[in-house]
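Reader: I'd like to learn how to read a model like this one. Can we look at it together and take the features one by one?

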Amino acid sequence: MVETFKAEVNERKGCDVCLNCVWILLFGFFPALIWGFIGAVCCCTIILIPFGKQCCKIAHFSLLPFGMHAQYKHGCLCRCPHVIGNILWLPIGLGIAVVHVVAALVFFISICGIPFGYQHCKLARLALWPFGAEIGVQRELNAVLLP
């Protein structure tokens, strides 16, 4: 049973790598580049460093979304700095989230596009509430965030 599980995990990683390659070639390279540039510009000013960190987080997530998950710590959205940051981010994030939702709906039309539509849904959620999100592989996030 353990061998079967290991084979399934290795097979899934290969699938994630292939889908990430397709994602980068078709959709992910330029948005990640733009997010990274905006993050670097924001980090040049002292006041916008937290927003620059969030832009870099979204850049990483938009470059390699398959196999990655955004998970919020329990009660994390209710902490004062996260609430303030998310409220200030909301006008920008709402527009970006709407674009990702529309793209997801377009991808959900075809069967081949469903995995890409799901990634756009994950990106929409992260674009709407970036403060307080931890990005990583699901298994690693569970080990870090759960007591």
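Reader: Where in the protein is confidence lowest, and where is it highest?

Author: The general idea first: pLDDT is the predictor's confidence in each residue, from 0 to 100. Here confidence is lowest in helix H5 (residues 138-145), with a mean of 54, and highest in helix H4 (residues 114-128), at 89. Helices are DSSP runs of H or I with at least four residues, strands are runs of E with at least two, and both are numbered from the N terminus. Residues are numbered from 1 along each chain as its sequence is written, and side-chain values use heavy atoms, with hydrogens and water left out.

Reader: What is the mean pLDDT of the protein?

Author: The mean is 79, and 80% of the residues reach 70 or more. Over residues 1-9, pLDDT stays under 50, and the model has one contact for them beyond four places in sequence; a contact means heavy atoms within 4.5 Å. Where pLDDT is low, the predicted coordinates should not be read in detail.

Reader: What pattern do the helices and strands follow along the sequence?

Author: You'll find five helices and two strands, in the order α-α-β-α-α-β-α.

Reader: How many disulfides are there?

Author: A disulfide is a pair of cysteine sulfur atoms within 2.5 Å. By this rule the count is zero.

Reader: Is Cys42 buried or exposed?

Author: Buried means under 20% relative accessible area, exposed over 50%, and partly exposed in between (1.4 Å probe, protein chains only). Cys42 is buried at 13%, whereas Cys21 is partly exposed at 42%. Of the 147 residues of the protein, 37% count as buried.
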